[in-house]
Every structure is written in structure tokens, then in C-alpha cells.
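This briefing covers a disulfide, salt bridges and helix packing in the structure shown below.

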Amino acid sequence: MIAMCAAAHEVRPAYLEVNETEAGHYDVIWKQPILDGRRLKLEPSFPEGCKRDNERVSAPAATLVTRWSMSCDLNSGTLAIEGLDRTLTDVFLRMDRLENEDISIVLRPEANSVDLGQSQGAPLLAYFRIGVEHIIFGYDHLLFVLGLVLLVRPRQLLATVTAFTIAHSITLAASSLAGITLPGPPVEITIAMSIALLGAEAIYRMQGRDTLAQTRPWIIAFGFGLIHGFGFAGALSEIGLPRDAEVMALLLFNLGVEAGQVAFVLFLLALAWLGFRLYRHGEHAVKTAAAYAIGITGSYWAIERIVATFF
């Protein structure tokens, strides 16, 4: 079970950018994540008559980037991502056109195409949806939040989650708007270690041991929240921010992250209330098992990421 969870690392979206440089002429950038050293079998499919020219491929970090130009009509017809229906990955499409409406939309396995002749609605709202999906499918971030819920007392929960929110909002903004970044592997290793630490601290609490994380949990939440913010920024860097609307897009992405986080906390509280009503005497055993699971999973992820980075 732990190995399966560890393999299910946060979902990274693919990214397709199409810019119309002059009437009927386009520059295309296609980015797709490389997961566990393997390229996903995804391929953009454009309307009939679109032929690639000057194709160039590069592979910075864990992303495969393909660039090309083409001349055709992208004001009508269908653009699809072949193979998307066989994955769990989303594709963020951004198309800037000279005359027709620009397009910013998330393509999903169950909806892998877009009609280029139809209006797609408010493009910036796509960033809110990406934020929600990133936290919901970002299992390491969710485990950290679960650890916080186990660690803190009810009266400390609001302050602790707020500290985590403020911290990752700061580094997310610094990374996205000011270009302040940290290398990806150390960030992912630290995130995994933060999860392991919370698991251990939750166990100490159940054993009656007092530590700084017990008495001042918001300090721990804020410190590690700064690192988690760089993790959020990693997903946002894959798709970038729209020109002339960077602040609004970042705000919507962050609001999406917070909406997903709040929904998860409310789900946990509802689940705890229901469990307590049904089986009062099992609360301590369930919390202890959850704390050990968090600590073991965080440790496994940390070791896995250290080995992948340095060996």
C-alpha cells in the first residue's frame, strides 16, 4: 500500500502553447512531463492541413519540450490530444490568436479535445481549476495537511492551517512573479521529510510528549509551508502565467489550491466526527495507525527521492 502511494506522486500537467505570429502562421511549444524516466504517449492532433516545420526537441529537467512552426487555419476545426484518455494527466492549452478569441483551457482524459470555432468562456478560470486539481491529486501535500490535523488540537487548527496557507502563498508568488526558485529535487526531498516529521510528532503527542511542534505548531506549518510553496510553483511553472494577467491568474491558482485544501480538511473533520459517533473507543487506535502511516510513507518518499537524485 505504501509503495503504491509513493509511486502516485503529484500529477504534473502537460502544456501546449500556440501563438499566431502572423495571419495563419503559428509557433507551437509542446511540453510533457517525463515520469519515472518515461515519456507519456501523448500527441497534439491539429485540424487537417496543419504540417510541422522546423521541429526541435529538448529535455530540460523532467520535461520533454518540442517546438515547431506551422501554417494552417486554427480558427475552426478540432484540436485534440491523442492518448490523453489513457492517462491521469491533464493538458493545459493556451492559444493566442490575432483576430479570434484566445483560448485557455484544461483538456482532461474524459474531454481531450476542443472546438476551435466555439467560445470557451473566461480563460483565467482555468487557473482556479488547475489549483484545485493540483492539491487534490498532490498526495504529498495532502499527507502534510493530514499530519497537521492529527498533530494540533482543535483550537490550534485554524491558526496552524492559516500559517501554512500564508507561507506557501508567499513562496508561490515569489517564484511565479519574481523568478525566485529552488532546485526541484531538494524541494521534493524536504517535502517528504516534512511529512515524516509530522508523523513522528503526531505519535509523540499521543504518547504525551511535549515538543515545539506540539506547543507552537504554526511555526512548523509556516516553515515547511515555505518549501511546499515551491512545490506548488513547480506545477505552475509548467504552464506559465498569461501575459498582462499574471497577478489575477496567480491569485486564482492560489484560491484553487486553498479551496481544495479546505475541502480536504472539512472532509477529514466530517470523517472523524462520523467515526467517533460510530465507534468511540477506536479513536486512539485509528489516530495512531494514521500517524505511523504518515511517518512511514514520508520516510519512504524521502529515501526514494534521495536515491533518485544522488545515485
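The crossing of H3 and H9 is left-handed, where left-handed means that the near helix is turned anticlockwise from the far one by less than a right angle, and right-handed that it is turned clockwise. This is a predicted model, in which local features need pLDDT of at least 70 and side-chain atom pairs count only at pLDDT 80 or more, whereas totals for chains, interfaces and linings use all residues. Residues are numbered from 1 along each chain as its sequence is written, and side-chain values use heavy atoms, with hydrogens and water left out.

**Helix H3 with helix H9**

- Helix H3 spans residues 139-151 and helix H9 residues 283-310; helices (H or I, at least four residues) and strands (E, at least two) are DSSP runs, numbered from the N terminus.
- The axes of H3 and H9 come within 10 Å and cross at roughly 145°; axes are lines fitted to C-alpha atoms, for helices over the stretch in contact, and angles run from 0 to 180 degrees between N-to-C directions.
- On the H3 side, Tyr 139, Asp 140, Leu 143, Leu 146, Gly 147 and Leu 150 take part, and they meet Lys 287, Ala 290, Ala 291, Ile 294, Thr 297, Trp 301 and Arg 305 of H9; contact means heavy atoms within 4.5 Å.
- Sorted by class, this contact holds eight nonpolar, two polar and three charged residues; Ala, Val, Leu, Ile, Met, Phe, Trp, Tyr, Cys and Pro count as nonpolar, Asp, Glu, Lys and Arg as charged, and the others, Gly among them, as polar.
- A salt bridge joins the side chains of Arg 305 and Asp 140 (3.4 Å, N to O); the term requires a side-chain nitrogen of Lys or Arg within 4 Å of a carboxyl oxygen of Asp or Glu.
- This pair links distant parts of the chain, with Arg 305 in helix H9 and Asp 140 in helix H3, 165 residues apart.
- Arg 305 is buried at a relative accessible area of 8%, and Asp 140 is buried at 1%; buried means under 20% relative accessible area, exposed over 50%, and partly exposed in between (1.4 Å probe, protein chains only).

**Helix H2 with helix H8**

- Helix H2 (residues 125-137) packs against helix H8 (residues 246-278) at an angle of about 35°, with the axes 7 Å apart.
- H2 passes H8 in a right-handed crossing.
- Among the residues in contact are Phe 128, Ile 135 and Ile 136 of H2, and Leu 252, Phe 253 and Gln 261 of H8.
- The contact of H2 with H8 comprises 13 nonpolar, four polar and no charged residues.

**Other salt bridges**

- The count of salt bridges comes to five.
- Glu 17 and Arg 94 form one with an N to O distance of 3.4 Å.
- Glu 17 lies in strand E1 (residues 14-22) and Arg 94 in strand E8 (residues 91-96), so the pair ties together parts 77 residues apart in sequence.
- Both Glu 17 and Arg 94 are buried.
- Arg 52 bridges to Glu 43, with the closest N and O atoms 2.4 Å apart.
- Arg 52 is partly exposed at 27% relative accessibility, as is Glu 43 at 25%.
- Glu 43, Arg 52 and Glu 55 are linked in a network of salt bridges.

**Disulfide**

- One disulfide is found in a search of the whole structure, the criterion being a pair of cysteine sulfur atoms within 2.5 Å.
- Cys 50 and Cys 72 form this link, with their sulfur atoms 2.1 Å apart.
- The link is right-handed, with 95° about the S-S bond.
- Cys 72 counts as buried, at 14% relative accessibility.
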